[in-house]
Each structure stands twice: as C-alpha cells, then as structure tokens.
Amino acid sequence: MKRFALGIAGAGLMATSLLGAPAYGEGIAGAPAPFDKGGVKVALVTFISAGDFFQSYQAGAQKQAKALGIDLQIFSGRQDAAAQREQVEQAINLGVQGIIIDHGQPEALKDVAQKALDAGIKVVAFDVDLGNPAIPQVEQSDHELAKAALGQAIADNGTSFNAGYVYVAGFAPLDRRNEIWEEAKKANPGIVEKARWGAVNDTTASSTADQTKAAFQANPDITVVFAPYDEFARGVKLATDELGISDKVKIYSADISTADITEIAAEGSPWVATAATNPAVVGEVSVRAVAKLIAGEDPGHNIIVKPVLITQKELRDNAIKTVEDLNAKLPAFGKSDAATASWIPVATQ
Ligand code: SR1
C-alpha cells in the first residue's frame, strides 16, 4: 500500500508525450506490428456506465488509446448483463483486434469472451473474473484497498464499534473487499455489524441514501460505516447529512474523484478516509494491456494498479481540491508502470 506522502517521485515512464500521438491509421515508428502501421480497433464493453469512477476510467482508456493511435469504441452496458453480452458479440462482428470487458456478470460473459478469443481477438478483463487463463485480469488490489480503509477505521475508532456496511454481492471488487471486511470482524470481535445494505443501479448514491436512512433509523447506535465504493459513500453522507447525524458517524470508503474530494474535505464531513487508485490510470493500464496482447507481448495475467490511502486530514492539510492536485502532489497516484513497454507512449493526465 502506498501511503499519502507528498514529494514521492513517480516511477520513470517513457518520455513520449500525447503531443506526438499518431492519428488513427498512422503507425508508431519502432512499434511492433500492427502498431507500426496503425489502424488498430479496440472495443471497451462496460457494465456500469454511470458515476465518476467509470467516467474517469473511460477517459483514461480513451487517452491511452489516442496515444497508441487506437480507434477505441466504448459500449455502455447500463447494468444490463444481456446487453453487455450482445455488445461483446457486436464488437466481434465489427472486427476489432481487442476487447476490454469492464465489470459484468461472469456467467453472462464467459462464452462470448471465449468466442472472441476463438476469432483471434485479444481480451482483457477489468474487475470481472472470467476464469480464463488467456484473459488477463486488471484490478486495483482490492484486498490491499480494503485493508487500508479498514486499518484507518480501526486507527480512528479502536477495535470496538457498531458498524454499518454497504455491500452488493456479485461484483468482483466488492466481493474481494468483502473478504477483508469479514476477516477484520473475525480478528476484532468488538466490531459489530449492526446492519448491511446497498444497491448498484443507475442512481446508486440516492438509492444507498434511502437505504442508509432506514438502517440508521433502525440502528441509531451505528458510529462507523464501511462503504467501499464512492457512490455508496456519497449515499451514506447524503443520508447522515439529511438526518443531522454527520457529527456522530465516520465513513470509510474506496475510490476518489474531484467531487468526492469536495465531499470529504467539506467542513463537518463524516467521510474521513478512502483508499483509491486514479481510475483514469486504471483505464490507461487496461488499454496498454490489450495493446501488448495485440502486439504479441505478455502483459502478465494479474495486472495490479496499487491503491493509495487518502484521509480527510491530508486533503485539508495539503489543500488538495481535485484529482489533478492529487496527481501533482502524489505522483505514485497519477501513474502506474503496469503493462508498459518502451514502444507504448505515455498518456499524459
Ligand atoms: C459495483 S463495483 C464498484 C467498484 O468498481 C471499481 O472497482 C471501483 O473501485 C468501484 O468501487
């Protein structure tokens, strides 16, 4: 786990900047085929389209695609497993060289992902385990992420507190974070889970807010909420603000965006820590991984982007207001050397 620490030098990456990015159809001098000639098409097939995390992820993917001269087509799944499955098939029919599958339900995707592989298309999965050795997995080290957020919760609140927990099963990152929550409770019997709730839909934050109000009305003694997805944390904060109990509750989350930074740093905010990567960097890594596969290189099977623990105090003390401020103050947050190659240009943030 990288801790927030100003002035840490980032990993040295290639010097090529986006300024010299090839147009689609132009090649990159010195790159392996087919990137030397250009004209590479990749599809990004998403399951969740809404929310800061996913928009930033897509923006990062687009930036890295542009730097590589890739035509990246993004399909928005809108939390519909059947639609996402159809979109993978559409991408196969479009004749793309690579497909990135971003979240989703494994059972709806495994056979169409294999169909893509059978057609000679390279496939990378982000946060969905397709159980296929030919499909590299990009993830944010969700175990470390949850350990960091819960470690801060224990540092702030001790090992005995009444907790609320926001969780929806079936999403690989949330399931991995849940494993750590279960371990933390087992190791600290004084942590009592009084209520569990959660929803993932088009309006996750407001649905979570409604559920949070009900949970607090039934369990007014909850003092800590573990909400390991920023849309969950936003919903919890909305509810505690509306109930007038934000001074009695502390929220620990995952993810970060500029809007989240504003919410966390606000005076009286109960949202006191989050463990996060820069989602744009995860998008870049996903595109680099599929580009390496297309070029016949091995990006590795488990491609990890490491999270950083970010606390309310650190944001306030360092006057961090945006994700760009975090990139500047904490280079290890704004870059990853996962799935890099000397011929892959850096997508500057
Ligand atoms: C519903 S899954 C949401 C999570 O996916 C990504 O891993 C983000 O970190 C987010 O928390």
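This is a predicted model: local features need pLDDT of at least 70, side-chain atom pairs count only at pLDDT 80 or more; totals for chains, interfaces and linings use all residues.
## Ligand shell

The ligand is surrounded by 13 residues, the closest being H103, D127, Q140, R177 and D255. Residues are numbered from 1 along each chain as its sequence is written, and side-chain values use heavy atoms, with hydrogens and water left out.

The shell comprises eight nonpolar, two polar and three charged residues. Here Ala, Val, Leu, Ile, Met, Phe, Trp, Tyr, Cys and Pro count as nonpolar, Asp, Glu, Lys and Arg as charged, and the others, Gly among them, as polar.

## Polar contacts and burial

D127 places a polar side-chain atom 2.5 Å from a ligand oxygen. A polar contact here is a pair of N or O atoms within 3.5 Å. Taken alone, the ligand exposes 320 Å², and the protein buries 100% of that (Shrake-Rupley method, 1.4 Å probe).

The ligand takes up the space of the largest cavity. On a 1 Å grid over the protein atoms alone, a cavity is a set of points where a 1.4 Å probe fits but cannot get out. A molecule sits in one if more than half of its atoms lie within 2 Å of its grid points.

## Elements and domains

Two or more shell residues come from each of α1 (52–67) and α5 (172–187). The largest share, three residues, is from α5. Helices (H or I, at least four residues) and strands (E, at least two) are DSSP runs, numbered from the N terminus.

Domain 1 (8–139 + 279–305) and domain 2 (142–276) each give at least three residues to the shell. Their bounds come from an automatic or database domain assignment.

## Backbone features

H103 has phi near 60°, a positive value in a residue other than glycine. H103 sits in the loop between β4 (98–102) and α3 (106–118).

A cis peptide bond links A33 to P34, with omega about 0°. P34 belongs to the loop between β1 (2–3) and β2 (41–46).

How values were computed. A residue is near a molecule or strand if one of its heavy atoms lies within 4 Å of it. A polar contact is a pair of N or O atoms within 3.5 Å; within protein, one must be able to donate a hydrogen and the other to accept it, and residues adjacent in sequence count only if both atoms are side-chain atoms. On a 1 Å grid over the protein atoms alone, a cavity is a set of points where a 1.4 Å probe fits but cannot get out, and a pocket is an open set with protein on both sides within 12 Å along at least five of seven lines; lining residues have an atom within 4 Å of a point.
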